[in-house]
Amino acid sequence: MQLKLQFLGAAQNVTGSRHLLEANGTRILVDCGLYQERQFKARNWDPFDVPPDSIDVVLLTHAHLDHCGLLPKLVKEGFKGRIYCTSATAEIAQIILLDSAKIQEEDAEYKRKRHKREGRKGRYPEVPLYTTQDAEACLPLFSPVRYKQPVQIDTGIEATFYDAGHVLGSSIIKVKVSNGGQDRTVLFSGDIGRPDRPIVCDPASLEQADYVLIESTYGDRVHQGPKDTKKMIAEVINSTRKAGGNIIVPSFALERSQELLYYINELLLENAIPHLMVFLDSPMAARITKVFQRHSEFFDEEMTEFVRHNKSPFSFPGLKMTATSDESKAINHIRGTIIVIAGSGMCTGGRVKHHLVNNITNPQNTIMFVGYQAVGTLGRRIVNGEKEVRILGREYPVKAKIVRVNGFSAHADRDELFKWLSGLKNPPRKLFVVHGESKSANHFGDYVRQKTGWQVAVPAYRDEVVLD
Ligand SMILES: [Zn+2]
């Protein structure tokens, strides 16, 4: 049996997930993500390490851009095989890839103009990484699979998807390779969710694997209890309502926005907050919410029960999904307290920017952050307490109340990752810690080694290992 693993992304860093498994001559690429960390973005332009037309199949864990965002480039450069993933992942990935292509096109155009004006060349080519057409070309290759039902990839090679509990449709993937009466299993954790989160199920527990790749985004920390998340949201809504202001929530389109709607609906049903107009002012979040509505089979038991009694949490009195930018701008003329959920999550683009312009200078309003704010983003400057921020080319004093609500993390922490590994009945032949910054990945690797005595490696970018 010939089994080789190459770490082509998310190795001692978080984004750009890409792992190549070669099994008896068949090339299986697990995820094909976009690099989003500033210092690694140039890698998006590098040629693929193996010719895309030599890859037989892609297995996709979930629809986040750092896992699927380079698929259009892979297809543009010759990949013709199937892209296996769950139906929800396929539908959400389509929305996300088309949006990403549009952003790539707009960015390239903007840079081309700016560089021309300034008479200089930028770091990256002034062409889009891929176009809308390229993104459309990869859509027919998506092949939906069901959880726990093995898919035959080639003779003696099958892949089985399990619920990762991270975002709707997310998967842990187990690849089983058999040859001459021998078999080996390689388990790809994808991104692992947390137990007891709303909407999605808890991560599936796996009992057997010869080799395991585990993510380590939060491998060096333990989350604070998320129990009070809903209570905090209620407090923000009630106090802002009392002050007569608005609540602006910069939010990510996938999962975070839907969780917010779920919490708001629950609070309404419990009479913990008054009836207010709630705007989901992000066309992408609205489209993704429709995928959630179509795929209730992915909901956890609580959510299924909730839907049975209260219908969908994504349609309640007062909730409006605004499609056009005119509708979005009209929100500014509404009097009385309203809640606006808008992208982008870190305020780097999208409609949230004009809502900030209209609301950030008024002390009656609240800007409620529900997600991680990366260094260098407008969101990070606001949560850091800067007194004045630049939005759409103008300076604005920050007078609104700034609140951070924790507990929304979609990634397991150190203890939750370890607990997930503890589901294995026997030690794996080797554990590979990936998808975490070097510090986090190494911390988690050491932690597992100390606790279990297992063979643990923290592979570097482009490392290759032969699995025996
Ligand atoms: Zn993810």
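Predicted model: local features only at pLDDT ≥ 70, side-chain atom pairs only at ≥ 80, totals over all residues.
I started with helix α12 (residues 414–421) and helix α13 (residues 438–452), whose axes come within 11 Å and cross at roughly 50°. Axes here are lines fitted to C-alpha atoms, for helices over the stretch in contact, with angles from 0 to 180 degrees between N-to-C directions; helices are DSSP runs (H or I, at least four residues), numbered from the N terminus. That angle makes α12 oblique to α13 (under 35 degrees is roughly parallel, over 145 roughly antiparallel, 65 to 115 roughly perpendicular, the rest oblique).

Numbering runs from 1 along each chain as its sequence is written, and side-chain values use heavy atoms, leaving out hydrogens and water.

Next I listed who touches whom (contact means heavy atoms within 4.5 Å). From α12, Arg 414, Asp 415, Leu 417, Phe 418 and Leu 421 meet His 443, Phe 444, Tyr 447, Val 448, Lys 451 and Thr 452 of α13.

Then I looked up α5 (residues 229–243) and α6 (residues 256–269): their axes come within 10 Å and cross at roughly 70°. So I put α5 and α6 down as roughly perpendicular to each other. On the α5 side I found Thr 229, Lys 230, Ile 233, Ala 234 and Ile 237, meeting Leu 260, Tyr 263, Ile 264, Glu 266 and Leu 267 in α6.

Last, I checked for disulfides (cysteine sulfur pairs within 2.5 Å) and got 0. For Cys 201, the nearest cysteine sulfur is that of Cys 85, 17 Å away.

Methods:
Helix = DSSP H or I, 4+ residues; strand = E, 2+ residues; numbered from the N terminus.
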